[in-house]
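Please open the model in your viewer and keep the sequence panel beside it. The tour moves from one selection to the next.

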Amino acid sequence: MVVLNKIYTRTGDKGDTALSNGERVRKDSLRVEAYGAVDELNATLGLARLYATGPLADRIATIQNDLFDLGADLSRPRMHEDAEAPYPVLRIIDGQVDRLESEIDAMNAGLSPLRSFILPGGTPLAAHLHLSRTTARRAERAAVALAAAEDANPAAVKYLNRLSDWLFVAGRVANENGARDVLWVPGASR
């Protein structure tokens, strides 16, 4: 359980921050960049959720919780030390990726095949989901850069990759199952 009695600590005033294992790193490190991008993604999903109802709102809420798990995962270096930690280390697992895949398949089953690329837009919910999709791709790039340079959970990268697909399909669902998709017209303004 996290207890936050005091919001500011002044410990990061010189440009460094603590990771979940207590190690201090610069705020522009690859690890902080990765979990910061995940935090931004979560905030964009909070905006999308304002427009969502029913099962889609519930799924977004679940994903937002997953993203806190993912941030905790990315903030913990040296996976090989997990067993020695004095507390259970939270990591993204393949089951969370599998859940996204199942939801993508279920949502996609009711959509007609695409015949063009889609421009971000349509309904307010779809527009916010597309914004979240692009933010997820940026978070994925940050996680890939981290994984190339340091120890990182491969399931975390897979989760972000699958989540951007989930957000694309959810955007189509939010556009009245594709009826309000805004299609790209190549060269339309020439």
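This is a predicted model: local features need pLDDT of at least 70, side-chain atom pairs count only at pLDDT 80 or more; totals for chains, interfaces and linings use all residues.

Select Gly 54, which counts as partly exposed because its relative accessibility is 40%, where partly exposed lies between buried (under 20% relative accessible area) and exposed (over 50%), with a 1.4 Å probe and protein chains only. Gly 54 lies in helix 2, helices being DSSP runs of H or I with at least four residues and strands runs of E with at least two, numbered from the N terminus.

Residues are numbered from 1 along each chain as its sequence is written, and side-chain values use heavy atoms, without hydrogens or water.

Next select residues 30-49, helix 1, whose 20 residues reach 29 Å from first C-alpha to last, close to the 28 Å expected at 1.5 Å a residue, that span being 1.5 Å times one less than the number of residues. Its buried residues include Tyr 35, Val 38, Leu 41 and Leu 45. To see what covers the buried residues of helix 1, show among others strand 1 (16-18), helix 4 (124-149) and helix 5 (154-174).

The C-alpha trace spans about 50 × 35 × 35 Å along its principal axes, and buried residues make up 42% of the 190 residues.

Terms used:
Contact means heavy atoms within 4.5 Å.
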